Amino acid sequence: MPTTPNRMTSVAERSPTHLRLLPRCLSGAAIPRTNTAATMQALKVRSSAPTLQRRAAAVPSVRRSPLLVRAQAVSLGQTVTANGNGATTSAQPIQVDVNVPQPKPELLGPVEAYQYVAYDGAKKAAMTPFKTFVMALYAGAYIAFGGFLGLTVCNGCPALVAANPGLAKLLFALVFPVGLTMNTLHGTELFTGNTMKLPAAIYEGKTNMAGLIKNWFWSYSGNFVGSLLFVAAVVASGVLAQGAVYPIKTAMYKASLPWGQAFIRAILANWLVCVAVWNAGAASTLPGKVLGIWPPIAAFVAIGLEHSVANMFLIPLGIALGAELTFSQFIFQNLIPVTLGNIVGGLVFMGTASSIFYGAMGGAKKMSEAAAH
């Protein structure tokens with residue numbers, strides 16, 4: 001029998017007869033001679049096994065869907081080659097590794113969720129100032145989108161606001177979380193969430209104080225600039241006209257809070273915001289992330305707590321639409337105490353407390369030390 005070419009035969013070239021003869025070729029069994037053409041095709045497949053070996057070795061590991069049956073290896077069977085004298089030789093079975101990833105749980109436990117927080121904080125600390133600033137611009141704009149939505153809805157219901165202000169506040173609260181949802185899904189840089197993540201990264205040995213200061217400075221600056229740019233866009237859009245009652249009333253109320261009250265409200269607000277950020281990081285599905293974000297954010301807004309990045313939009317917008325406030329009043333009467341309170345809420349009540357519960361502050365080995373071993 002002449003030597004057959006060492007090439008692969010595509011499935012499209014094989015007839016049902018070829019496929020029936022293929023097992024016999026691979027096992028070395030006798031092949032009936034009633035169909036010479038089918039026999040030759042089957043032998044071509046058999047003689048191409050060395051090529052199949054080389055190609056299988058060059059193929060990287062294949063990712064398989066968790067829905068498929070788990071397999072540690074796939075045996076392509078014995079390969080049989082034919083030489084010019086009709087003799088046959090057999091080789092060992094080819095083993096092709098198939099990596100089957102473990103399905104990710106829909107919700108991480110508290111320990112794993114804290115580890116995610118710390119590692120995410122380390123990743124944020126390693127980013128360049130430019131990238132942090134640009135991503136923070138978007139974060140400020142996304143939070144402003146939530147405020148813009150709430151103001152527009154409530155401003156369009158003046159009778160409801162006058163007759164039932166509590167219900168109007170609840171309506172605002174129920175739509176406001178769209179801003180943090182966009183931030184979470186887009187992965188932008190929100191200063192208030194970073195007050196939890198960067199301290200956790202420091203506690204677990206994943207970054208240092210310089211990384212924290214760099215991230216906090218540029219994320220806060222980007223949030224502020226993004227919020228002010230969004231104010232300009234809202235004013236230019238004309239959706240909320242000059243003299244719009246609800247935005248002006250909201251700005252006046254926030255800027256009139258005593259310093260101490262604003263500080264305490266800000267601590268409580270960012271405690272809830274960081275819980276929402278924690279929940280979203282622990283969930284691996286879109287519904288899980290949304291459900292993790294919505295209740296804590298709606299709660300802090302309905303209660304009447306203070307969030308620095310939200311106020312970077314709400315109060316300047318009120319000023320732009322006619323509120324009798326100056327920009328310095330906004331900074332010194334609201335933004336400074338609220339920013340300080342937000343830092344305490346994220347740093348102490350979430351970052352530090354979580355490290356005591358699940359990390360190095362509570363006696364566990366630092367993540368950097370665990371990785372070294």
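The structure holds 1 cavity of 30 Å³ or more, and the model it is computed from is predicted. About 50 Å³ of space lies in this largest cavity. The largest pocket holds about 460 Å³, and the second largest pocket about 380 Å³.

**Cavity**

- Ile143, Phe176, Leu180, Leu190, Val273, Ile297, Phe300 and His307 line the largest cavity.
- This lining is made up of 7 nonpolar residues and 1 polar residue, with no charged residues.
- Two of the lining residues, Leu180 and Ile297, also take part in the contact of H8 with H13, Leu180 from H8 and Ile297 from H13.

**Largest pocket**

- The lining of the largest pocket comprises 21 residues, and nearest the centre lie Lys169, Tyr246, Thr250, Tyr253 and Lys254.
- Two or more lining residues come from each of helix H7 (165-175), helix H11 (245-255), helix H13 (286-303) and helix H14 (308-320).
- By class, 12 residues of the lining of the largest pocket are nonpolar, 5 are polar and 4 are charged.

**Second largest pocket**

- The second largest pocket is also lined by 21 residues, with Asp120, Lys124, Thr184, Gly187 and Lys197 nearest its centre.
- Helix H4 (110-126), helix H8 (178-186), helix H9 (191-203) and helix H12 (259-282) each give two or more residues to this lining.
- The lining of the second largest pocket divides into 8 nonpolar, 7 polar and 6 charged residues.
- Of the residues nearest the centre of this pocket, Asp120 and Lys124 in H4 and Lys197 in H9 belong to the contact of H4 with H9, while Thr184 in H8 belongs to the contact of H8 with H13.

**H8 and H13**

- The axes of H8 and H13 cross at roughly 140° and come within 9 Å.
- H8 is therefore oblique to H13, since angles count as roughly antiparallel if over 145 degrees.
- The crossing of these two helices is right-handed.
- From H8, the contact takes in Val178, Leu180, Thr181, Thr184 and Leu185, which meet Leu286, Lys289, Val290, Ile293, Trp294 and Ile297 in H13.
- The contact of H8 with H13 has 8 nonpolar residues, 2 polar and 1 charged.

**H12 and H15**

- H12 and helix H15 (residues 327-358) have axes that come within 6 Å and cross at roughly 45°.
- That angle makes H12 oblique to H15.
- H12 crosses H15 in a right-handed sense.
- The contact of H12 with H15 holds 18 nonpolar and 6 polar residues, and no charged residues.

**H4 and H9**

- The axes of H4 and H9 come within 7 Å, crossing at roughly 95°.
- H4 is therefore roughly perpendicular to H9.
- On the H4 side, Tyr114, Val117, Ala118, Asp120, Gly121, Ala122, Lys124 and Ala125 are in contact with residues of H9, namely Asn194, Met196, Lys197, Leu198, Ala200, Ala201 and Tyr203.
- Of the residues in the contact of H4 with H9, 10 are nonpolar, 2 polar and 3 charged.

Methods. Residues are numbered from 1 along each chain as its sequence is written. This is a predicted model: local features need pLDDT of at least 70, side-chain atom pairs count only at pLDDT 80 or more; totals for chains, interfaces and linings use all residues. Side-chain values use heavy atoms; hydrogens and water are left out. On a 1 Å grid over the protein atoms alone, a cavity is a set of points where a 1.4 Å probe fits but cannot get out, and a pocket is an open set with protein on both sides within 12 Å along at least five of seven lines; lining residues have an atom within 4 Å of a point. Grid points are joined across faces, edges and corners, and a volume is the space filled by probe spheres set on the points. Helices (H or I, at least four residues) and strands (E, at least two) are DSSP runs, numbered from the N terminus. Ala, Val, Leu, Ile, Met, Phe, Trp, Tyr, Cys and Pro count as nonpolar, Asp, Glu, Lys and Arg as charged, and the others, Gly among them, as polar. Axes are lines fitted to C-alpha atoms, for helices over the stretch in contact, and angles run from 0 to 180 degrees between N-to-C directions. Angles under 35 degrees count as roughly parallel, over 145 as roughly antiparallel, 65 to 115 as roughly perpendicular and the rest as oblique. A crossing is left-handed if the near helix is turned anticlockwise from the far one by less than a right angle, and right-handed if clockwise. Contact means heavy atoms within 4.5 Å.
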